[in-house]
Amino acid sequence: MFLIAFALPAFAGPFEDAVAKFANDDFSDTEEAIGVIAGSGSKLAFPIINALQDGRLMADPDSKKVYVTDADGKSIDAATGEAVASVPDSASAVRLNNRLRRSVDAALGSLTLQSPDLGTRLQAAQSVFKSHEETALEAVDAALAKEANKSVKAALTEARAAILLFKSDATEVEKLEAVATLKARGDQDALALLTGMGDQPASVTKAAASAIGSIQNSLAVWSMVQNAWYGLSLGSVLLLAAIGLAITFGVMGVINMAHGEMVMIGAYTTFVVQEVIRTRYPGLFDYSLLIAVPLAFLVAGAIGVLIERSIIRFLYGRPLETLLATWGLSLVLQQAVRTMFGPTNREVGNPSWMSGAFELGQITITYNRLWILLFTLAVFAILLAMLRYTALGLEMRAVTQNRRMAASMGIATSRVDALTFGLGSGIAGIAGVALSQIDNVSPNLGQSYIIDSFMVVVFGGVGNLWGTLVGAFTLGIANKFLEPVAGAVLGKIAILVLIILFIQKRPRGLFALKGRAVEA
Amino acid sequence: MFNKSTHDIAASFSRRGVLAATAGLMLGLASLTGAKAADDTIKVGVLHSLSGTMAISETTLKDTILFLIDEQNKKGGVLGKKLEAVVVDPASNWPLFAEKARELITKNKVSVVFGCWTSVSRKSVLPVFKELNSILFYPVQYEGEESERNVFYTGAAPNQQAIPAVDYLMKDEKVKRWVLAGTDYVYPRTTNKILEAYLKSKGVAQEDIMINYTPFGHSDWQTIVADIKKFGSAGKKTAVVSTINGDANVPFYKELGNQGIKAKDIPVVAFSVGEEELAGIDTKPLVGHLAAWNYFQSIKSPENEKFIKAWQAYTKNPKRVTNDPMEAHVIGFDMWVKAVEKVKSTDPDKVIDALPGTEAKNLTGGTSKMLPNHHITKPVFIGEIKGNGQFDVVWKTPSLVPGDAWSKELDGSKDLIGDWVGKKCGNFNTKSNKCLGSGS
């Protein structure tokens, strides 16, 4: 049959009929067409289905003609393969839904199993594994015979096992082998296949049950590792949000309720930077965050200095008034941003190096979380070095430990106050750059972090940066081990209760400052 | 708002000189202070948060009502009088909603109020509307289990959104295992209770249903997304039904995208994610995830195209999106205008009696009707997220679905109906033939 279609494309055969079905804009017709075309053996099959996946397959409902277009504007008639000058205006891209996307993946999988490109072959083997349709078995066997690359070969073997497991007329030996292959794979996908395989001969069911048991055991161990990683990641976010507050509240003792808004300003700075890059220098997009970090520090820091000079310096030593004033200030800042940028979320894109994930054993590590963890540790290290080794750091410590003494040594204490507050605010701004990658950029961004930040600083011990670090990671990990057991809502409550109990026992937090600085 | 009025004033300067501008300014001031000349206008209250957490969603609805009033006034107003908006800001503060509602009705003497988003804000204003006998149009999908004489519900009841969405997944995607994920408050909890009962009635086993609640504004979704992945690897097709609210959606979808959960593996159908919410995310990794609504901006109908054009012209923003609750206000506003014109009065009792049976064109090409239980008939659409932040409709109900005030799936409410025409009762028990009376 396909020989005729292939040799004489001008005649209407099943292939042409199938192509014409794309123009019906009906999901079941499209599905039928995909099946026929993928099995037709025509050399047009791959370009058509590939175009369908990318939304480049155009169909004209009036003339029932279907066209394959490519990125640089060239198009061919899908039924004949002849080039056409232009696609009529009435044509629109053939629509897909989830069911069809799966069919397209399966079809493309068996069509590209022998592609010259290694990555494509691997992907093809994986999509055949996922769809494990009997029709693909022949193609898999053919590809296996020719395949030289080790990892593709392994993927193909797994795909073959998946198909055989579901094939009703496969022999018991084949099925047992398939179970063994899947057991060796040992991940959640293998588990899904084994649990969902339905009726099988007794020996296969037994082998599958033991395979399921062993996979589940190993996954249980991995899930502990995973919880620990999630805890570190949550801890790093908490630390990042709290680290600025550790300076304004921890070191200076200002109850700064507007701290969250500094984070928000940092996030909006990132948004503005990305907007400028998007419109003027689209090539720089991957560097947008690197550009945003110093800018966010400067913007938030400058606003911090301004706040200190205009409000907070009149309120030192009056915690209640400070609390109310900064609380009011946080509302003012929120509404100001809402008026300037609108109440809706703003889109901050992820640069390519912050999107996606990689597999480490059986856990998935997302790049954005990994980078945020590293970034947080870097910020922490720089801050620590700054306080320890620079003149400003020395002055800051001197002023916060004993203001009068520092003043009599010739330190301009009010200047140091302003700079310290600016530094804390600037670091909050940097946190905003990172948080814009995982959270909403909206005027409310800061509010959701302020409570957590205070919790971390108080728990870790006021005035101690190391305490903040340990506090953040402890809370993060405790939270993530509680969450699977207690649920997100109860987990959060449990953490709060634990902190309250802890503070009863040790009012000064994990690492209390000792010596005369405490009384100052 | 502010930008617009300064722009108008500037325009007047160039056109008619300083005198006209001063007059315009004074008019503007008069409308701000609540207008002394009350007799020649009909006042319409707008009770939507313009600050605080809910401002993200509700500000658009305020603009929608102002736009609708503007359009109506161009057509000559209602009963020969101009409409005048009275906008208040309840600031996402639930008790303040009640105060502001009272202020609108007693001080500003509005004839009708369009407002509220969250169920808790609606519940907080209910006693005020009952006591002062006024009318509230509520435009947001909600959990049902309510029918009040003074409230008209133009958003979807659960049987107009959640149930059809689950039906679609069951039939078209052959989903056998369900994750019901929601934010921890009344709407998700009630909706999930209804869905759980419905799924069980369709033969889904308890172990195939996972229910998960998260706090408001939850931002660390790693564990939950990993749990969903794990739950989905039991060899049965799995889907997530999401009643996650507002802000928490962005990090949720980002985490799904990053952990590589594609819609073709585990689709997520959401009831609170619309065009406005998607405006804040890169939707390319989300292509294929679903939302169930009664309106999508991408639906092609002459009414919709006309509306979008006028709306974008009014807001002077060619990219401004439209969404489902906006359409609910369009329908509600139209029904109110028709009812007022029918009884030739804005008297609440007369308008409340005239509203059931009133029909209004919806934007998707059908005609919605106000039912005796104060809910309306609506079509239900399932849309897939596209790469450009819009939705592609993949399924719709063959006809308009009438809203149930009381869910047929829950034991406590399956015998109840709301009927303000014949029975004059919001919670009439059809078994015992009795009205349960107040205390819905």
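The questions and answers below concern a predicted model with chains A and B.

User: What is the radius of gyration of chain A, and what value would a compact globule of 520 residues have?
Analyst: Chain A contains 21 helices and seven strands, and along its principal axes the C-alpha trace spans about 100 × 60 × 35 Å. Buried residues make up 46% of the 520 residues in the chain. A compact globule of 520 residues would have a radius of gyration near 24 Å, whereas the value for chain A is 31 Å.

User: How does the radius of gyration of chain B stand against the globule rule, and what is its value?
Analyst: Chain B has 12 helices and 19 strands. The globule rule gives 22 Å for 440 residues, and chain B comes close to that, so it is as compact as a globular protein of that length. Its C-alpha atoms fill a box of roughly 75 × 55 × 40 Å along the principal axes, and 54% of its residues count as buried. The radius of gyration of chain B is 22 Å.

User: What percentage of the contacts in chain B between residues at least 6 apart in sequence join residues at least 24 apart?
Analyst: The count takes in contacts between residues of chain B that are at least 6 apart in sequence. Of these, the part that joins residues at least 24 apart is 68%.

User: Which element of chain B supplies the largest share of the side that touches chain A?
Analyst: The interface brings 45 residues of chain B into contact with 47 residues of chain A. On the chain B side, helix 2 (55-74), strand 7 (209-214), helix 7 (222-231), helix 8 (249-258) and strand 15 (391-396) each supply at least two residues. By class, this side has 14 nonpolar, 16 polar and 15 charged residues. The largest share, seven residues, comes from helix 7 of chain B.

User: At what angle do helix 4 and helix 5 of chain A pack, and what is the hand of their crossing?
Analyst: Helix 4 (residues 45-54) and helix 5 (residues 98-111) of chain A have their axes 10 Å apart, at an angle of about 145 degrees. Ala45(A), Phe46(A), Ile49(A), Asn50(A), Leu52(A) and Gln53(A) in helix 4 meet Val104(A), Ala107(A), Leu108(A) and Leu111(A) in helix 5. By class, this contact has eight nonpolar, two polar and no charged residues. The crossing of helix 4 and helix 5 of chain A is left-handed.

User: How many charged residues take part in the contact of helix 2 with helix 3 of chain A?
Analyst: The axes of helix 2 (residues 14-21) and helix 3 (residues 27-40) of chain A come within 8 Å and cross at roughly 145 degrees, in a left-handed crossing. The contact residues include Phe15(A), Val19(A) and Lys21(A) of helix 2 and Asp29(A), Glu32(A) and Val36(A) of helix 3. By class, the residues of this contact divide into seven nonpolar, two polar and, for the charged class, three.

User: How far apart are the end C-alpha atoms of residues 412-434 of chain A?
Analyst: The UniProt annotation "transmembrane region", from an unreviewed entry, covers several spans of chain A, among them 287-307 and 412-434. Residues 287-307 are 95% helix and 0% strand, with end C-alpha atoms 31 Å apart. Residues 412-434 are 96% helix and 0% strand, and their end C-alpha atoms lie at a separation of 34 Å.

User: Is Glu145(B) buried or exposed?
Analyst: Glu145(B) lies in the loop between strand 4 (136-138) and strand 5 (151-153) of chain B, and its phi is near 60 degrees, a positive value in a residue other than glycine. Most residues other than glycine have a negative phi. Because 22 other C-beta atoms lie within 10 Å, Glu145(B) is buried.

User: Is Lys424(B) buried or exposed?
Analyst: Lys424(B) lies in the loop between strand 17 (416-419) and strand 18 (425-429) of chain B, and it has a positive phi of about 55 degrees although it is not a glycine. Because it has 12 C-beta neighbours inside 10 Å, Lys424(B) counts as exposed.

User: What distance separates the C-alpha atoms of Ala205(B) and Trp117(B)?
Analyst: Ala205(B) is found in the loop between helix 6 (186-201) and strand 7 of chain B, and with 10 C-beta neighbours inside 10 Å it counts as exposed. Ala205(B) and Trp117(B) are 88 residues apart along the chain, and their C-alpha atoms are separated by 34 Å.

How values were computed: Residues numbered from 1 in each chain as written. Chains lettered and ligands numbered in written order. Predicted model: local features only at pLDDT ≥ 70, side-chain atom pairs only at ≥ 80, totals over all residues. Axes fitted to C-alpha atoms, helices over the stretch in contact; angles between N-to-C directions. Helix = DSSP H or I, 4+ residues; strand = E, 2+ residues; numbered from the N terminus. Left-handed = near helix turned anticlockwise from the far one by under 90°. Contact = placed C-beta atoms within 7 Å. Nonpolar A, V, L, I, M, F, W, Y, C, P; charged D, E, K, R; others polar. UniProt positions renumbered as here; feature names shortened; annotations may be inferred. Rg over C-alpha atoms; globule rule 2.2 N^0.38 Å. Buried ≥ 20, exposed ≤ 12 C-beta atoms within 10 Å, placed from the backbone.
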